[in-house]
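Visitor: Please give me a close look at one part of this model. I would like to understand how the inside is packed.

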Amino acid sequence: MEIGALGWVVGVNLVIWTGIFLYLLRLGKRLREMEKGS
Amino acid sequence: MKTLLAWLLWLWISLVIVGAFFYAPIAEHFRVPGSSRIVFFHVPMSWASFLGFIAAAVWSGMYLARRNPRHDRKAAVAIQLGLLFGVLATVTGAMWARIEWGAWWNWDPRQTSMLVSLLFYAAYLALRQSIDEPERRARLAAAYALLGLVVTPFLFWIVPRITFSLHPDPVVNSSGKVEMAARIQHVLYASGLGHVALFFWIHNLQSRLQAVTERKSYLQE
């Protein structure tokens, strides 16, 4: 199946967005731990 | 519950990304037709920036009324995020301008008014950095951010509408109408909502991070 140029652009955008999302999710988790600890 | 909401946001913005390329049609009257897709990211970034500056003014007003340091912290974080989204809107706009107008920077009224508002709020951060005493810093910063209630709508909404601009028509054009294909509107508004949700999520995280850091440094003193 041909992915095409647009498919690659969408794929790269989704990877970047997922990376930012997972970073924020992890930051939220660490913050909850820090708030419990302080 | 919060994690579920976060994943819903992930899904929402992922659908916006897919929709921007495979659902919305390419807009007409552009030199490089595919470049019109920038509207789905560049414009919502600018909206998020505007939201940050207005929210900061509201929290600053609340600080001046109640003198609660939490409101001061929220205002400062809203301005940091307003600047972040504003810089992203400016950079993506410059990239688009290079493709569509042939130059990165054209001193277009929208470009210029965004630059002026970024400088205005960068000065807010400089003001905060220059005052050591927390209560005085919060009071002066709040008074400065309140000015944003006049400055920001003027720069974001009025200047681009009273001057000739190279920019395509705003979403609501000068005759008060929205003349965009329905599918373009769907993705644009969905992206706007996604950006607003992302703004408040990052704002919440950053405010809490600052609160924890301040508490730690206070306990260490």
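Guide: Here is a walk through the core and its helices.

This is a predicted model, so local features need pLDDT of at least 70 and side-chain atom pairs count only at pLDDT 80 or more, while totals for chains, interfaces and linings use all residues. Residues are numbered from 1 along each chain as its sequence is written, and chains are lettered from A, ligands numbered from 1, in the order in which they are written.

Start with the largest nonpolar core, which has 43 residues. A nonpolar core is a set of buried Ala, Val, Leu, Ile, Met, Phe, Trp, Tyr and Cys residues joined through C-beta atoms within 7 Å. Buried means that 20 or more other C-beta atoms, placed from the backbone, lie within 10 Å of a residue's own. Ala56(B), Ala75(B), Ala78(B), Ile79(B) and Ala145(B) touch the most other members. Helices α1 to α6 of chain B each give two or more residues to this core. A helix here is a DSSP run of H or I, at least four residues long, numbered from the N terminus. The largest share, 15 residues, comes from α2(B).

Now zoom in on Ala78(B). Leaving out residues up to four places away in sequence, Ala78(B) touches Gly52(B), Ala55(B), Ala56(B), Trp59(B) and His203(B). Touching means that C-beta atoms, placed from the backbone, lie within 7 Å.

Next, α6(B), residues 182-220. Its buried residues include Ile184(B), Leu188(B), His195(B) and Phe199(B). The buried residues of α6(B) pack against α1, α2 and α3 of chain B. The expected span is 1.5 Å times one less than the number of residues. For the 39 residues of α6(B), that should be 57 Å, and the end C-alpha atoms are 57 Å apart, which agrees. The 32 residues of α3(B) should span 46 Å, and they also agree, with end C-alpha atoms 46 Å apart. Gly102(B) follows α3(B), with a positive phi near 90°.

Last, a helix pair. The axes of α4(B) and α5(B) come within 10 Å and cross at roughly 180°. Therefore α4(B) is roughly antiparallel to α5(B), a term for angles over 145 degrees. Among the residues in this contact are Phe120(B) and Leu127(B) of α4(B), and Leu140(B) and Phe156(B) of α5(B). The contact divides into 14 nonpolar, three polar and three charged residues. Nonpolar covers Ala, Val, Leu, Ile, Met, Phe, Trp, Tyr, Cys and Pro; charged covers Asp, Glu, Lys and Arg; the others, Gly among them, are polar.

Definitions and conventions
Axes fitted to C-alpha atoms, helices over the stretch in contact; angles between N-to-C directions. Parallel < 35°, antiparallel > 145°, perpendicular 65-115°, else oblique. Contact = placed C-beta atoms within 7 Å. Buried ≥ 20, exposed ≤ 12 C-beta atoms within 10 Å, placed from the backbone.
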